[in-house]
Structure formats: structure tokens, C-alpha cells
Amino acid sequence: MRTRLCDLLGIDCPIIQAGMGSFTSAELVAAVSNAGGLGSMGASARSTADLAKELARVRELTDRPFAINHTVRFLNKDSFALTLDARPALISFAIDTPGDLVRQAHDAGSLVMLQVPTAQRAREAVDLGVDIIVAQGSESGGFGGYVSTLALLPQVVDAGGDIPVVAAGGLAAALVLGALGVNIGTRFLASAEASINPRWKQEILAAQSEDTLKFESWNDIFPAPDGGYHVAPRVLTSPFIKEWMDKRDEARRESERLRGEIGTAVEHGTWGDLLPFTGQTAGLIHDVLPAADIIRHIMAEAKQTLKATAKRYVPT
Ligand SMILES: Cc1cc2nc3c(=O)[nH]c(=O)nc-3n(C[C@H](O)[C@H](O)[C@H](O)COP(=O)(O)O)c2cc1C
């Protein structure tokens with residue numbers, strides 16, 4: 001099953017493994033790309049040296065296309081310069097407007113993808129000249145907005161015109177709503193290759209969708225910059241989340257200390273103990289699998305679902 005997205009990116013399956021900062025590893029990116037999808041190396045929450053090391057390893061493990069992902073709000077300029085030098089097939093962005101970064105990525109010879117939480121941001125993405133838009137519904141893991149995929153995706157498809165749109169979510173459903181592929185995070189966190197603490201993987205398996213929540217206090221700890229739009233991370237609960245969830249004023253007063261605490265967690269690889277980013281899709285995830293098996297399952301289920309859907313309707 002191919003779509004125009006496959007031709008554009010030189011891949012076989014319309015499945016993009018979302019860039020998830022330091023929770024992605026060379027092993028995960030290469031496993032996804034070797035299985036016919038598009039692996040994404042996340043640049044957020046990792047040093048430039050670490051990104052360079054992981055990219056070198058990706059090149060050892062695969063010669064297939066892959067993406068490098070940056071969050072605009074937390075952009076590390078040195079890592080972005082390294083990304084331009086690496087000239088991946090795709091450079092993807094999320095959280096705030098990338099502005100001139102789009103031109104720089106194009107000048108380096110990479111395609112550009114931008115994740116958006118609203119139709120308005122999709123229209124801006126069109127004006128910026130991006131090549132692919134991700135419609136990110138509110139159920140998504142990590143930072144995101146407040147509009148559900150069912151309401152958002154058709155609006156982004158309309159806004160995108162000829163620009164391929166992909167959705168965070170189920171492949172068959174995304175295709176029916178006009179997307180040409182999917183951008184999937186949480187399912188790949190619960191993969192054998194994801195470089196997160198095994199405890200976090202087990203928490204994803206145990207979670208129901210309703211166990212995830214939007215951690216609004218993040219915006220008191222890290223206020224959005226001027227021009228930044230409102231997003232909040234979707235997480236599973238943890239002692240840190242329980243402590244700060246409902247104490248927004250105090251979180252604002254203590255923001256410097258809390259930023260330090262989060263920074264230390266990034267350095268020590270214990271982010272998942274504080275802020276276990278997880279999407280509502282967790283309710284669908286019951287096993288940790290190799291990334292290649294995840295792609296095979298998603299493709300098989302999508303084909304089966306589309307066939308079964310067609311059978312449910314009698315043309316009149
Ligand atoms: C742990 C985690 C970290 C994430 N980090 C990023 C990131 O650095 N950049 C980005 O573009 N998206 C990031 N996302 C969001 C994904 O791009 C995507 O929208 C989301 O994973 C889709 O929902 P799902 O997790 O239910 O598949 C992250 C998601 C998760 C779960």
C-alpha cells in the first residue's frame with residue numbers, strides 16, 4: 001500500500017516514526033527506515049556531540065532515507081547547523097513557527113515537514129513553503145494542542161491543498177480523512193529499539209488512554225517565548241506530575257529550580273521518571289515489539305481495515 005508520500009520521501013510504507021528527541025536512537029531510526037518507513041532522529045534534549053554520534057551510527061546501520069527533527073522553541077543552533085551539513089532526506093519541525101529555518105533546510109537539499117496543532121498553523125505552514133504538514137491532534141504524546149484529530153485533520157487537508165498531510169494516529173483512519181500517511185510516536189516508544197527506560201515502556205503497556213493528561217504547569221516552568229503558541233505536554237502521571245499538576249502559581253515561583261531539576265533529568269537520562277510523555281494511543285499498545293514488526297502490523301491492519309470498511313457499505 002503506497003501513497004504519494006512514499007514517492008516524495010523514497011519510502012515503501014507511509015509511516016513516519018516521530019522525532020522524539022533523545023528518546024530516539026540510531027537503532028530505532030535505522031530499524032524503521034530499513035523496514036520501509038521513515039525513521040526520525042530527534043535533536044531535542046540531546047547535545048550536539050550526541051546527535052553527531054547517533055547520526056554517524058544511523059549511516060552505518062542504513063542507507064535508506066531518514067529525518068532529523070527539531071523543536072523550534074528549544075532549537076539548539078549548533079545541532080541545527082550539524083543537521084544542515086548532514087543533509088537528511090527530511091528535516092522536520094514542531095512547536096512554533098520555523099520561519100527562515102525552512103529556507104535553510106531547502107537550501108541544504110532536504111525536504112521540510114512541519115507539525116501543526118491547528119488549521120491556522122497549517123495555513124501558515126503553506127505560506128512558509130513546507131513540503132509535508134503533520135496534523136497533530138490533542139490525543140498525541142509529547143507537546144501538542146487542544147483540537148482532536150477527527151476535527152483537525154480534514155481542516156489541515158483542506159488548508160494543505162496539494163501539500164501532503166500526515167496525521168498522528170491510525171493509518172487507515174488517517175487515509176480515509178485525506179492524509180497520506182502517519183507520524184507515530186508512542187507506539188515506537190514501546191519498541192525494542194527505543195532508548196527509554198524499560199519501566200516507562202511498561203507504564204505505556206499498562207496505561208489506559210484516560211490515564212494520560214495534559215501537564216499545563218509546564219508553561220509555568222517554561223513560559224512560551226513571545227510569538228510562541230500554546231502547547232502542553234501529554235504525559236502519564238509520576239510523583240513530579242502529581243506534585244506540580246495543581247500548583248501552577250507555586251510552579252511559576254519555583255520555575256528556576258524546577259527547570260534545573262528537569263535539566264538534570266535530561267543529563268542523567270531520567271526524563272521518563274519525571275515527565276513520561278505518552279499519547280492516548282497508549283490504550284492500544286499491549287506489547288513491546290521490534291520496530292520492523294510494528295510497521296508490518298500497522299500496514300497489515302490498515303489494509304484489513306480499509307477492505308472491511310469498504311465491505312460495510314453498499315453503494316446506492
Ligand atoms: C516521548 C515523546 C516525545 C516527543 N518529542 C517530539 C519532538 O521532539 N519533536 C516532535 O516533532 N514531536 C515530538 N513528539 C510528538 C510526535 O511528533 C507526535 O505528534 C506524537 O507522538 C503522535 O502521537 P502518538 O504519540 O500517540 O503516536 C513527541 C512524542 C512523544 C510521545
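Q: A crossing is left-handed if the near helix is turned anticlockwise from the far one by less than a right angle, and right-handed if clockwise; which of the two is the crossing of α2 and α3?
A: The crossing of α2 and α3 is right-handed. Residues are numbered from 1 along each chain as its sequence is written. Please keep in mind that this is a predicted model, in which local features need pLDDT of at least 70 and side-chain atom pairs count only at pLDDT 80 or more, while totals for chains, interfaces and linings use all residues.

Q: And at what angle do α2 and α3 cross?
A: Their axes cross at roughly 35 degrees and come within 9 Å of each other. Axes here are lines fitted to C-alpha atoms, for helices over the stretch in contact, and angles run from 0 to 180 degrees between N-to-C directions. The helices themselves are DSSP runs (H or I, at least four residues), as strands are (E, at least two), numbered from the N terminus.

Q: Which residues make that contact?
A: On the α2 side the contact is made by A26, V29 and A30, and on the α3 side by E54, R57, V58 and L61; contact requires C-beta atoms, placed from the backbone, within 7 Å.

Q: Let's zoom in on A30, then: what does it touch?
A: Leaving aside residues up to four places away in sequence, A30 touches G39, V58, L61 and T62. A30 is buried, since 23 other C-beta atoms lie within 10 Å. Its C-alpha atom is 8.3 Å from that of R59, although A30 and R59 are 29 residues apart in sequence.

Q: Back to α3 for a second, how far apart are the axes of α3 and α4?
A: The axes of α3 (residues 48-61) and α4 (residues 77-86) are 9 Å apart, and the two helices pack at an angle of about 25 degrees. α3 passes α4 in a right-handed crossing. In this pair T48, L51, A52 and L55 of α3 meet D78, S79, L82 and A86 of α4.

Q: New topic, strands: in which sense do β2 and β3 pair?
A: β2 and β3 (residues 66-71) pair in the parallel sense over 4 bridges; pairing requires at least two bridges found by DSSP. Within this pair, G39 stands opposite F66, and S40 stands opposite A67.

Q: Which faces of β2 are covered?
A: Both faces of β2 (residues 39-42) are covered, with G39 and M41 buried on one side and S40 and G42 buried on the other.

Q: And how many residues of β3 are buried?
A: 6 of its 6 residues are buried, with F66, I68 and H70 on one side and A67, N69 and T71 on the other.

Q: What about I15, is it buried or exposed?
A: I15, which has its place in strand β1, is buried, as 27 other C-beta atoms lie within 10 Å. Not counting residues up to four places away in sequence, I15 touches G37, L171, G181, V182, I184, I295 and I298. I15 and M113, which are 98 residues apart in sequence, are 14 Å apart from C-alpha to C-alpha.

Q: Last one, what order do the strands of the open sheet take?
A: The 3 strands run in the order β7-β11-β10, and their pairing is antiparallel. The edge strands, each pairing on one side only, are β7 (142-144) and β10 (213-214). β7 pairs with β11 (residues 232-235) over 3 bridges, and the bridge partner of G144 in β11 is A232.

Q: How does Y146 count, with its 13 C-beta neighbours inside 10 Å?
A: With that number of neighbours, Y146 counts as partly exposed. Y146 lies in the loop between β7 and α7 (149-160), and its C-alpha atom is separated by 7.9 Å from that of V231, 85 residues apart along the chain.

Notes: Left-handed = near helix turned anticlockwise from the far one by under 90°. Contact = placed C-beta atoms within 7 Å. Buried ≥ 20, exposed ≤ 12 C-beta atoms within 10 Å, placed from the backbone.
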